[in-house]
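Subject: Structure handover

Hello,

Here is the structure for your files. My notes on what was found in it follow below.

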Amino acid sequence: MKKTIRLDKVLSHMGLGTRSEIKKWAKQGRITVNDRMVKDTGLQVQTEEDIILLDGERVHYREFIYLMLNKPAGVISATEDRYDQTVIDLLGDEERGFEPFPVGRLDKDTVGLLLLTNDGKLSHELLSPRKHVPKTYIANVVGDVGEYDITAFQAGVTLDDGYVTKPAALTILHHDRTGAEVISRIQLTIIEGKFHQVKRMFESVGKKVIYLQRISMGTLTLDTELAEGEYRELTAEELAGLKQERE
Ligand code: URA
């Protein structure tokens, strides 16, 4: 059976206007479906077949959106919040019309790769604990991260709530030494996503994360051309890679 959807939903989903604006435009005769002026925006349309025009311009409907955001610090991974700016507030009207949400969470102070989509199925599968989708982070850590920590993370460390983490791959990128203080720059890949996991893993070995950036999730890698706060749609290849992740 062909899928039908309300005309006003099509136009609002594509970020063209609010339901009430669309109603007004229909009354003004600015919307046609298959060359017929439509006054009732509750009309059911078949998005693949019906030709919808607004002011003579074709409206191309698509259901899903997939965005890569380079999340800045100070913004929360939620769709709405009373106090803080959310990742959705960073988007334009067009993208917001799709009602995307973040796939998983990054802490308020964490930066880097965040996937935003309205594809609940893909999101669910990427986040499923059974899938073990790897996530890679770069971090600055107060303390001298060394071989002992690599071995501990590989074996699994015990978090503050008693949970023992799955094997994680830790690489030391370099150490900055100023006087007695050492800051270690590291890369860490984990295959699960417990609350504050990276920070808590380092706490379990007596060290503190002071900067955290996610650089990849499964096959998806943060585009270095995106400044913090910027986003773009995934390419077809990137999307295909993520979809394979769920198989
Ligand atoms: N681990 C953390 O501690 N914080 C994040 O934001 C992501 C992973």
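This is a predicted model: local features need pLDDT of at least 70, side-chain atom pairs count only at pLDDT 80 or more; totals for chains, interfaces and linings use all residues.

**The ligand site**

Residues are numbered from 1 along each chain as its sequence is written, and side-chain values use heavy atoms, with hydrogens and water left out.

Helices (H or I, at least four residues) and strands (E, at least two) are DSSP runs, numbered from the N terminus.

Which residues have N or O atoms at listed distances from oxygen atoms of the ligand? Threonine 110 has a side-chain N or O atom 2.8 Å from a ligand oxygen. Histidine 196 has a backbone N or O atom 3.2 Å from a ligand oxygen, and for lysine 199 a polar backbone atom is 3.1 Å from one. A polar contact here is a pair of N or O atoms within 3.5 Å; within protein, one must be able to donate a hydrogen and the other to accept it, and residues adjacent in sequence count only if both atoms are side-chain atoms.

The ligand taken alone exposes 240 Å², and the protein buries 96% of that. Accessible areas come from the Shrake-Rupley method with a 1.4 Å probe, and for residues only the protein chains shown count as cover. The space that the ligand takes is the largest pocket. Pockets are found on a 1 Å grid over the protein atoms alone, as an open set of points with protein on both sides within 12 Å along at least five of seven lines. A molecule sits in a pocket if more than half of its atoms lie within 2 Å of its grid points.

**Positive phi**

Most residues other than glycine have a negative phi. Asparagine 34 has a positive phi, near 50°, and is found in the loop between strand S2 (31–33) and strand S3 (36–37). Its relative accessible area is 37%, so asparagine 34 is partly exposed; buried means under 20%, exposed over 50%, and partly exposed in between (1.4 Å probe, protein chains only).

Histidine 132 also has a positive phi near 50°. Histidine 132 is in the loop between helix H4 (120–127) and strand S10 (135–142), and is partly exposed because its relative accessibility is 34%.

**Other loop residues**

Serine 128 is in the loop between H4 and S10. At 11% relative accessibility, serine 128 is buried.

Asparagine 118 is placed in the loop between strand S9 (111–117) and H4, and is buried at a relative accessible area of 15%. What does the side chain of asparagine 118 reach? A polar atom of this side chain lies 2.9 Å from the backbone nitrogen of isoleucine 65, and the side chain reaches the backbone oxygen of phenylalanine 98 at 3.0 Å.

Glycine 146, in the loop between S10 and helix H5 (147–155), is buried at 18% relative accessible area. Threonine 165, in the loop between H5 and strand S11 (169–178), is buried at 4%. Threonine 165 and glutamine 154 are 11 residues apart in sequence and 9.1 Å apart from C-alpha to C-alpha.

**A residue in helix H7**

Alanine 240 is in helix H7 (residues 236–245) and is partly exposed, at 41% relative accessibility. The C-alpha atoms of alanine 240 and glutamate 57 are separated by 30 Å.

Regards

Conventions. On a 1 Å grid over the protein atoms alone, a cavity is a set of points where a 1.4 Å probe fits but cannot get out, and a pocket is an open set with protein on both sides within 12 Å along at least five of seven lines; lining residues have an atom within 4 Å of a point.
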